[in-house]
Amino acid sequence: MLTPLDIHNQEFKRSFRGYNEDEIDTFLDRVIKDYEQLYRDNVQLKEKANQMQDDIGRFKQMEATLHETLLIAQKTAEEVKTNAQKEAANIVQEAQLNAKKMMIEAAEKVHQQTLSYQDMQRQYDSFQTKMKTLLVTQLNLLDLTDQSSTAENVPLQEVGLHNNEIPLD
């Protein structure tokens, strides 16, 4: 490729009937000036193209890194989701076990309370029977006392009592 210096140093042979040297020199000066500008523009464009290639390389690397990061983030999100589901399942299972345990304990307490109630009911029935017996006995004694006041000579042994005892059974 020609450089502006090559154009500037170019010499032409002179001939008897040649072109006007001043016109050629003026034209060559314009060509050199335009060529220098084009040459500088070309160098700048090459530098800019190289810079853009470097930028494209960096952007491609960034894209690859972002893609890898996205894949890692997706994988991590899936792992977090899976772990959360496992933990939720464990929590539900533990809650179900606790609920079953509480139900068993509650059923046992109900059973114990039922047994206690039944025992208290038996004690009450027994007490009620004893009280009725005592009251009947007391009423019989009162009847006997009323009869003895009418028949004062009836000994206590005839009514089944000894030494003025009152049965408490």
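Reader: Let's start with Glu36: what is its relative accessible area, and how do I read that value?

Author: Relative accessible area sorts residues into buried (under 20%), exposed (over 50%) and partly exposed in between, using a 1.4 Å probe and protein chains only. Glu36 has 31%, so it's partly exposed. Before we go on: this is a predicted model, so local features need pLDDT of at least 70 and side-chain atom pairs count only at pLDDT 80 or more, while totals for chains, interfaces and linings use all residues. Residues are numbered from 1 along each chain as its sequence is written, and side-chain values use heavy atoms, with hydrogens and water left out.

Reader: Where does Glu36 sit in the fold?

Author: Helices are DSSP runs of H or I with at least four residues, strands are E runs of at least two, and both are numbered from the N terminus. Glu36 belongs to helix α2. It lies 33 residues from Thr3 in sequence, with 7.8 Å between their C-alpha atoms.

Reader: How many helices and strands are there, and what share of the residues is buried?

Author: You get 2 helices and 0 strands. Of the 169 residues in the protein, 5% are buried.

Reader: How many salt bridges does a search of the whole structure find?

Author: Side chains of opposite charge can pair when their charged atoms come close. The cut-off for a salt bridge is a side-chain nitrogen of Lys or Arg within 4 Å of a carboxyl oxygen of Asp or Glu. The whole structure has 2 of them. One joins Asp55 to Arg58, with the closest N and O atoms 2.1 Å apart. In the other, Arg122 meets Asp119 at 3.8 Å, N to O.

Reader: Why are Asp55 and Arg58 about one helical turn apart?

Author: Because they're 3 residues apart in helix α2 (residues 21–150). Arg122 and Asp119 show that spacing too: 3 residues, about one turn, again in α2. As for accessibility, Arg58 is partly exposed at 45%, Asp119 is partly exposed at 35%, and Arg122 counts as exposed at 52%.

Reader: How much space lies in the largest pocket, and which residues lie nearest its centre?

Author: On a 1 Å grid over the protein atoms alone, a pocket is an open set of points where a 1.4 Å probe fits, with protein on both sides within 12 Å along at least five of seven lines; lining residues have an atom within 4 Å of a point. Its volume is the space filled by probe spheres on those points, which are joined across faces, edges and corners. Here the largest pocket holds about 410 Å³. It has 16 lining residues, with Phe12, Arg14, Glu21, Ile24 and Asp25 nearest the centre. Two elements, α1 (4–9) and α2, each give two or more residues to that lining. The largest share, 6 residues, is from α2.
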